[in-house]
Amino acid sequence: MSALWLSRTKAGIRIAVQVSPNARKSEIVSGDGDTLRIKLQAPPVDGKANDALVQFLAKKLQIPRKQVTITHGQTNRRKLLEITADVTLEDIERLLQN
């Protein structure tokens, strides 16, 4: 069973996230529902939270940062990200929910 926040597109894999900046530490809070909820230590100033989100997900997925792109929601807490790496939905779900 695949998570609701995870879907395949023509370009790769889309992840729907909801971000909470200014957290004590960066971590995945929940994978339930239609978004992956992530707390980020970075503040939402000058794109720092967006950069931290891309870096955090790339590290969790063990892929280069350039393969993680924010496609929608640059200035919003809810964002859509595109993963262009050669990974499966199951791999992403397993890596992000552990």
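Analyst: Asn-22 lies in the loop between β2 and β3. Strands here are DSSP runs of E of at least two residues, helices are runs of H or I of at least four, and both are numbered from the N terminus. This is a predicted model, where local features need pLDDT of at least 70, side-chain atom pairs count only at pLDDT 80 or more, and totals for chains, interfaces and linings use all residues. Residues are numbered from 1 along each chain as its sequence is written, and side-chain values use heavy atoms, with hydrogens and water left out.

User: Why is Asn-22 called exposed?

Analyst: Buried means under 20% relative accessible area, exposed means over 50%, and partly exposed is in between, with a 1.4 Å probe and protein chains only. Asn-22 has a relative accessible area of 54%, so it counts as exposed. Its backbone is worth a look too: phi is positive, about 60 degrees, although Asn-22 is not a glycine.

User: What makes Asp-46 exposed?

Analyst: Its relative accessibility is 72%, so Asp-46 is classed as exposed. Asp-46 sits in the loop between β4 and α1. Phi of Asp-46 is also positive, near 55 degrees, in a residue other than glycine.

User: Why is Thr-35 called buried?

Analyst: The relative accessible area of Thr-35 is 7%, so the buried label applies. Thr-35 is placed in the loop between β3 (27–30) and β4. Contact means heavy atoms within 4.5 Å. Setting aside neighbours within four places in sequence, Thr-35 is in contact with Trp-5, Ala-16, Val-17, Gln-18, Ser-30 and Arg-78.

User: What makes Arg-78 partly exposed?

Analyst: Arg-78 has a relative accessible area of 43%, so it takes the partly exposed label. The residue belongs to strand β6. Not counting residues up to four places away in sequence, Arg-78 touches Val-17, Gln-18, Asp-34, Thr-35, His-72 and Gly-73. Between Arg-78 and Pro-44 there are 34 residues of sequence separation and 13 Å in space, C-alpha to C-alpha.

User: How do you know that Glu-82 is buried?

Analyst: Its relative accessibility is 8%, so Glu-82 counts as buried. Glu-82 lies in strand β6. Beyond four places in sequence, its contacts are Thr-9, Ala-11, Gly-12, Ile-13, Arg-14, Gln-67, Val-68, Thr-69 and Thr-71. The C-alpha atoms of Glu-82 and Val-17 are separated by 11 Å, with the two residues 65 apart along the chain.

User: Why is Ile-63 called buried?

Analyst: Ile-63 has a relative accessible area of 13%, so it is buried. It is found in the loop between α1 and β5. Leaving out neighbours within four places in sequence, Ile-63 is in contact with Ala-58, Val-68, Ile-83 and Ala-85. Its C-alpha atom is 16 Å from that of Gln-97, 34 residues away along the chain.

User: What makes a set of residues a nonpolar core, and which members touch the most others in the largest one?

Analyst: The set must consist of buried Ala, Val, Leu, Ile, Met, Phe, Trp, Tyr and Cys residues joined through side-chain atoms within 4.5 Å. The largest nonpolar core has 29 residues, and Ile-15, Leu-53, Ile-83 and Ile-92 touch the most other members. Two or more residues each come from β2 (13–20), β4 (36–39), α1 (48–61), β5 (68–72), β6 (78–83) and α2 (89–96). The most come from α1, which gives seven residues. As for Leu-53, its contacts outside four places in sequence are Val-17, Val-19, Ile-38, Leu-40, Ile-70, Lys-79 and Leu-81.

User: What is the secondary structure of the protein chain?

Analyst: The chain has two helices and six strands. Along the sequence, the pattern reads β-β-β-β-α-β-β-α.

User: Why is the chain called as compact as a globular protein of its length?

Analyst: The radius of gyration is taken over C-alpha atoms, and the globule rule is 2.2 Å times the number of residues to the power 0.38. For 98 residues the rule gives 13 Å, and the radius of gyration of the chain is 12 Å, close to that value, so the chain is as compact as a globular protein of that length. Its C-alpha atoms fill a box of roughly 35 × 25 × 20 Å along the principal axes.

User: How much of the chain is buried?

Analyst: Buried residues make up 42% of the 98 residues.
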